[in-house]
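Subject: Structure handover

Hello,

Here is the structure we talked about. Please open it first; my notes follow below.

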Amino acid sequence: MPAFLSIALAVSCGTALHLLGVVVASRLAGVGLRDVVFGLGPEVARIGRLRCRLLPVGGAVRLSHSSDATPSGPWPAGAALDAQGLACQALVSVAGPAMLLLVAGALLGWQAPAAFLSGFAEIVRGALQPLSEGQRLVGEAGRWAAQAGPWTLAGTVAAKMAALNLLPLPPFDGGAVVRLAGAGLGVPAGRPGVAALGQVGVWVSLAGFVSWLLALGAAFATTAR
């Protein structure tokens, strides 16, 4: 199997694990589950509350909120995520990365923490310098994946995905934890200055995504020569 196809398959599996972690945590917390969206693009299948889309990367677990809890709704007001304590909300928010880290630990053993921690620096460096550092990291990942065993590859990708999702920016899980920490300190997300800061975080995340697309494009163009 080509290296980048192997990485894509590992990312798809990591996405499923991330969503599963959130579903399990929300059910244990008694939070109402609206649906689970797996993938991006047009919807191709629906099984109960699971919606599968064309590209098997990315997704979301949509949980009930107090604005959904009407007398005719499918869940009581107490099942809303924002009706739970801040600690419970934070645990649900980090359940996806936690599931990925558990899998990484099972597959990589003592190497999992290093793979996880190095992921933060790699993500930031690649986003800041997409045509140099980012392109180099993509190339190294392709060469490494061509030689790595399937379990090592899956564990490493899971660790890197956990790092990505714990970045302290919206729309990542780490951003949700920062928002909840602010609420616990008496700084609600709806405050004008805080809301503006959140918008800046969204634009930073979008810029990072575009930078990594540039890095991927440059790496593939170099390989195709």
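The second largest pocket has a volume of about 240 Å³. A pocket here is an open set of points on a 1 Å grid over the protein atoms alone, where a 1.4 Å probe fits, with protein on both sides within 12 Å along at least five of seven lines. Points are joined across faces, edges and corners, and the volume is the space filled by probe spheres set on them. Its lining (residues with an atom within 4 Å of a point) holds 14 residues, with Ala10, Cys13, Pro150, Leu153 and Ala154 nearest the centre. Helices α1 (3-28), α3 (95-108) and α6 each give two or more residues. α1 gives the most, with six. Twelve lining residues are nonpolar, two polar and none charged. Nonpolar covers Ala, Val, Leu, Ile, Met, Phe, Trp, Tyr, Cys and Pro; charged covers Asp, Glu, Lys and Arg; the others, Gly among them, are polar.

The model is predicted: local features need pLDDT of at least 70, side-chain atom pairs count only at pLDDT 80 or more, and totals for chains, interfaces and linings use all residues. Residues are numbered from 1 along each chain as its sequence is written, and side-chain values use heavy atoms, with hydrogens and water left out. Helices are DSSP runs (H or I, at least four residues), numbered from the N terminus.

On cysteines: the whole structure has zero disulfides (cysteine sulfur pairs within 2.5 Å). The sulfur of Cys52 is too far from its closest cysteine sulfur for a bond, because that one, in Cys13, is 13 Å away. Cys52 is buried, at 18% relative accessibility. The classes are buried under 20% relative accessible area, exposed over 50%, partly exposed in between (1.4 Å probe, protein chains only). Cys88 is partly exposed at 22%.

There are two aromatic pairs. In one of them, Phe116 and Phe120, the ring centres are 5.1 Å apart and the planes are at 75°, so the pair is edge-to-face. The rule takes Phe, Tyr and Trp rings (for Trp, the six-membered ring) with centres within 6.5 Å; planes under 30 degrees apart are stacked, over 60 edge-to-face, the rest tilted. Both residues sit in α4 (residues 112-128), four residues apart, about one turn of the helix. Phe116 is buried at 13%. Phe120 is partly exposed at 25%.

One backbone item: the peptide bond joining Pro170 and Pro171 is cis, with omega about 10°. Pro171 lies in the loop between α6 (150-165) and α7 (173-184).

Best wishes
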